[in-house]
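Work through the exercises below with the coordinates open. Each one gives a task and then a stepwise solution.

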Amino acid sequence: MDASGCGQGVDPAHTIEGRDMNEVGISFNSVRQYFILRDKSGAHAVEALGGVSLDIGRSEFIALVGPSGCGKTTLLNIAAGLVSPQGGTTLLNGKPPAAGRGDVAYMLARDAMLPWRTAIRNVEYGLELRGVGKAERQERAKELLHAVGLGRYENAYRSELSHGMRQRVALARTFALKSEILLMDEPYGALDIHLKIQLGELLLQLWDKDRRTVMFVTHDLHEAISLADRVVVMCPNPGRVIADVEIPLERPRSLNELQTNPEYHKLYSQIWSLMNHGH
């Protein structure tokens, strides 16, 4: 344990040694990020990320876990090109991050549905912004709404849908973009456990079709282990990676059946211990 109360960072966090960079979907190399905190005594620089190094292979599903303030969402925003770090380098499919890239899709914690558009028009929205023709985007939106079980609700508005249904629309909208990289910031954080499992199953079904590169932020360790190929544990002050755990559970996975899987419980105990010792 170091002086900050955070476990010693992994050095490097999980570099894919000897692998061609064409096989790496997302790469962080010694990424540092500072924010300015102002109080009565003046302005102070707060180190949000303390030199994070992490490689994510193409088609890998990575879950980031850790307490609030450890930099999970900041790392996600850097990958999305929404935040510029003060140090280190970041590459997505071999190129620097940039807002609005066509090969990157970002799913937020809230559904962010446009209330004046129907469900199908919301799913179409990203495709419309990217210049996809009307017929093609309607067909793609219908396909995804049916895939998430909302085929009957394509003409419903946000106010007519439950929270869980709105998150399904958001999931359909994200996958409709066909982006190679998916960035997901606690998309099911506000849902109850039954809806989390249901939407987690849907996510895995959609992901299994084309195996995109996924960077998934969550506070839910069960969700992380159930979904991911690797669980990356972070801790704060400053944010850093303290563990990177392979999840050898076979795919396809049933999130319900994992509850009786001894290997799942062993992994849960192992990562829970790492999280507790790390902060």
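**Exercise 1.** Find the bridge partner of Cys 235 in S9, then state how S8 and S9 pair.

Solution. This is a predicted model.
Step 1. Cys 235 has Arg 240 of S9 as its bridge partner.
Step 2. Strand S8 covers residues 230-235, and its pairing with S9 is antiparallel, over six bridges.

**Exercise 2.** Give the strand order of the open sheet and explain why one side of S5 and of S9 is left without a neighbour in the sheet.

Solution. 
Step 1. The order of the six strands is S5-S6-S7-S3-S8-S9, and the pairing is mixed.
Step 2. Strand S5 (104-107) and strand S9 (240-246) stand at the edges. Each has a single partner strand, so one side of each lacks a neighbour in the sheet.
Step 3. From one strand to the next, the twist averages 15°.

**Exercise 3.** Determine which strands helix H1 touches and at what angle helix H4 runs to S5.

Solution. 
Step 1. Helix H1, residues 72-80, packs on the sheet. The strands touched by H1 are S3 (61-65), S5, S6 (181-185), S7 (213-217) and S8.
Step 2. The direction of H1 makes about 150° with that of S6.
Step 3. Helix H4, residues 163-176, lies across S5 and S6. The angle of H4 to S5 is about 175°.

**Exercise 4.** Asn 93 and Asn 237 have positive phi. Is Asn 93 buried or exposed, and is Asn 237 buried or exposed?

Solution. 
Step 1. Most residues other than glycine have a negative phi.
Step 2. Phi of Asn 93 is about 50°, and Asn 93 lies in the loop between strand S4 (87-92) and S5.
Step 3. The relative accessibility of Asn 93 is 14%. Buried means under 20%, so Asn 93 counts as buried.
Step 4. Phi of Asn 237 is near 60°, and Asn 237 is located in the loop between S8 and S9.
Step 5. The relative accessibility of Asn 237 is 54%. Exposed means over 50%, so Asn 237 counts as exposed.

Terms used: Residues are numbered from 1 along each chain as its sequence is written. This is a predicted model: local features need pLDDT of at least 70, side-chain atom pairs count only at pLDDT 80 or more; totals for chains, interfaces and linings use all residues. Side-chain values use heavy atoms; hydrogens and water are left out. Two strands pair if DSSP finds at least two bridges between them. Helices (H or I, at least four residues) and strands (E, at least two) are DSSP runs, numbered from the N terminus. Axes are lines fitted to C-alpha atoms, for helices over the stretch in contact, and angles run from 0 to 180 degrees between N-to-C directions. Contact means heavy atoms within 4.5 Å. Buried means under 20% relative accessible area, exposed over 50%, partly exposed in between (1.4 Å probe, protein chains only).
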